[in-house]
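This report describes selected features of the structure shown below. It is intended for a reader who is meeting the structure for the first time.

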Amino acid sequence: MMGAMTSGVPAIEVTGLSKAYGSQVALRGVDFTVKRGEVFGLLGPNGAGKTTCVEVLEGYRTKDSGDVRVLGRDPGARELRSQVGIVLQSCGTYPHLTVRETVEHWAALYPRPRRVDEVLALAGLDDCAARRARTLSGGQARRLDFALALVGDPELIFLDEPTTGFDPAARRAAWDVIRALRDLGKTVVLTTHYLDEAQSLADRVAILQDGLILAEGPPHSLGASRYRVAWRTPDGTSEQRFTEDPTALLHELTAEAMARGEMLEDLSVTRPSLEDVYLELTEAVA
Amino acid sequence: MTAAVPWWGAAWRQFRLERRMFWRNPTAAFFGVLLPLGLLAIFGAVFAGRDEDLDVIVPGIAGLSIMSATFTSLAYNLTTLRERGILKRLRGTPLPTSAYLAGLAGNAVANALLQLVIVILAGRFLLGVAWPQNWGAMTVFAAAGVVCFTFLGVALAHAIPNPESAPAYVNAVFLPQILIAGVFYDASEAPSIIRDIAQALPLTHLVEGLSGAMIDGESVAANAVSLLVLGLWGAVGAVLAVRGFSWEARRDQ
């Protein structure tokens, strides 16, 4: 029954999307397309316009101008509500209900829900199904957010900064859930300001800054896979080189240094931060 | 095309959920059930044996209970639900807004009825006040009060910016009304300026209607003006409740 008419179109098509709050411009002509079944990362620093952008797609905010289609429809269309799952940035649940009761109540809101047990397992909540929501840790509460977003068996899921403020273990667990969603064939739109998150989860990313998309493509094509190798020379000046193959570069550098009988002080290998990528991109734009 | 979840089913399920949560929240259940009992006990002790005063406070506390169970609790609840983001989350589901609000309001109505029953029983068996003289008229006024204060409570929630300021807003509306509406004493002895203000307010008319029905056995027609005032306030509340509704917590920005 599910719209044969709409299944051929991209999950999301955005052209020329603009939005301002009074005199403050949040989005200034954003274009991107999300294909069915892909994990799309919307990357950017705080205040870049990520949340505004997804809230327009979720139907929470109206656009000022541009064209936005979600599963082939206007984002405000009621039919979308049973086809789209939303994990908001910070959102509470009923504190006095247990996890299972909460998921069961949400399941009943949808025409074709997934089985509650299956959803609890998928979100990694089996162990705390009987606990009241107010006793959950931050990571567990986030899993409940995931569970509520996917219990309606949506085709498209929005995750707005799903791991912000998490410890590393909770982040890994959340990533596993997102990968499980992709394996189910869901389209996932993820906003994040963590480069590594986009890198390990997203098939494609768009980098948003000051309401504009600076770059779009698979993560490795955006320079995110390049490593920065830095050290200090004996006279104290800092040196750095960028490479996609740090092993070879290190081998070369250390061999040379040893041949000269020098030390490579403060030698470090780091992935460039998102800021480095931004800087590079903004310089390129300017 | 997709089989939508039926409206009544959604509203009923929301109502059942609200009831379950009400009984699980000890403070809500405690105040919901025991506040009218406590007030009756206190005033019963103060006015012991003074039948005229007891005849004033039983319908007065019945009116107060209806207002606190609907108006006060909805204003608080909606403000908190909005701030916690629960409203925003529900807005992203297929649940119709009207079904959600019907379930939420149904919960408030159930509490109002529960408290009304407690007040009547306690008035009869603890204070020795007679059974309500005109059950039909009492039901009409109780229903009008419930509808009126439910809408006004939802409307007030829109004006409250955050949960921290909710007590100030609610009490600014609630306390003066219970003081001048004749809940605790016979308002006909109050100065005329107070009486004039009180005459414009809904609680006064709810208490008048309840008092007429419960104590004096008056018909609905005898207090038709009171019913009209409640209806007008309810209509204003309904317009404000629907127009001002917001799923989202206000941000400073």
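Helices and strands are DSSP runs, of at least four residues for helices and at least two for strands, numbered from the N terminus. In these terms, A:Asp210 is placed in the loop between strand S8 (204-209) and strand S9 (212-217) of chain A. The model is a predicted one.

A:Asp210 is not a glycine, yet its phi is positive, at about 50°. This residue is partly exposed, because 15 other C-beta atoms lie within 10 Å, and a residue counts as partly exposed between the limits of 12 or fewer for exposed and 20 or more for buried.

A:Asp153 is a further residue other than glycine with a positive phi, here near 55°. Its place is the loop between helix H4 (138-150) and strand S6 (156-160) of chain A. With 19 other C-beta atoms within 10 Å, A:Asp153 is partly exposed.

## A sheet in chain A

Chain A contains an open sheet of three strands in the order S11-S10-S12, and the pairing is antiparallel. The edges are formed by strand S11 (238-243) and strand S12 (265-270) of chain A; each has a single partner strand, so one side of each is left without a neighbour in the sheet. From one strand to the next, the twist averages 10°.

Four bridges join strand S10 (residues 227-232) of chain A to S12(A) in the antiparallel sense. A:Ala230 has A:Ser268 in S12(A) as its bridge partner. Helix H7 (residues 246-260) of chain A packs on the sheet, where it touches S10, S11 and S12 of chain A. The direction of H7 makes about 20° with that of S10(A).

## Helices H3 and H5 of chain B

In chain B, helix H3 (residues 51-84) and helix H5 (residues 97-125) have axes that come within 9 Å and cross at roughly 160°. H3(B) is therefore roughly antiparallel to H5(B), since angles over 145 degrees are counted in this way. The crossing of the two helices is right-handed.

On the H3(B) side, the residues that make the contact include B:Val58, B:Ile61, B:Ala62 and B:Ser65. On the H5(B) side, they include B:Ala108, B:Val109, B:Asn111 and B:Gly123. By class, the contact of H3(B) with H5(B) consists of eleven nonpolar, six polar and no charged residues.

## Helices H6 and H10 of chain B

Helix H6 (residues 135-159) and helix H10 (residues 224-243) of chain B pack at an angle of about 30°, and their axes are 7 Å apart. As a result, H6(B) is roughly parallel to H10(B), because angles under 35 degrees are classed as such. Their crossing is left-handed.

H6(B) contributes residues to the contact that include B:Phe141, B:Ala144, B:Gly145 and B:Phe151. Among those contributed by H10(B) are B:Leu227, B:Trp233, B:Gly234 and B:Gly237. The contact of H6(B) with H10(B) has 14 nonpolar, four polar and no charged residues.

## The contact between the chains

Chain A gives 21 residues to the contact, and chain B also gives 21 residues. On the side of chain A that touches chain B, twelve residues are nonpolar, six are polar and three are charged.

Definitions and conventions:
Residues are numbered from 1 along each chain as its sequence is written. Chains are lettered from A and ligands numbered from 1 in the order in which they are written. This is a predicted model: local features need pLDDT of at least 70, side-chain atom pairs count only at pLDDT 80 or more; totals for chains, interfaces and linings use all residues. Axes are lines fitted to C-alpha atoms, for helices over the stretch in contact, and angles run from 0 to 180 degrees between N-to-C directions. Angles under 35 degrees count as roughly parallel, over 145 as roughly antiparallel, 65 to 115 as roughly perpendicular and the rest as oblique. A crossing is left-handed if the near helix is turned anticlockwise from the far one by less than a right angle, and right-handed if clockwise. Two residues are in contact if their C-beta atoms, placed from the backbone, lie within 7 Å. Ala, Val, Leu, Ile, Met, Phe, Trp, Tyr, Cys and Pro count as nonpolar, Asp, Glu, Lys and Arg as charged, and the others, Gly among them, as polar. Two strands pair if DSSP finds at least two bridges between them.
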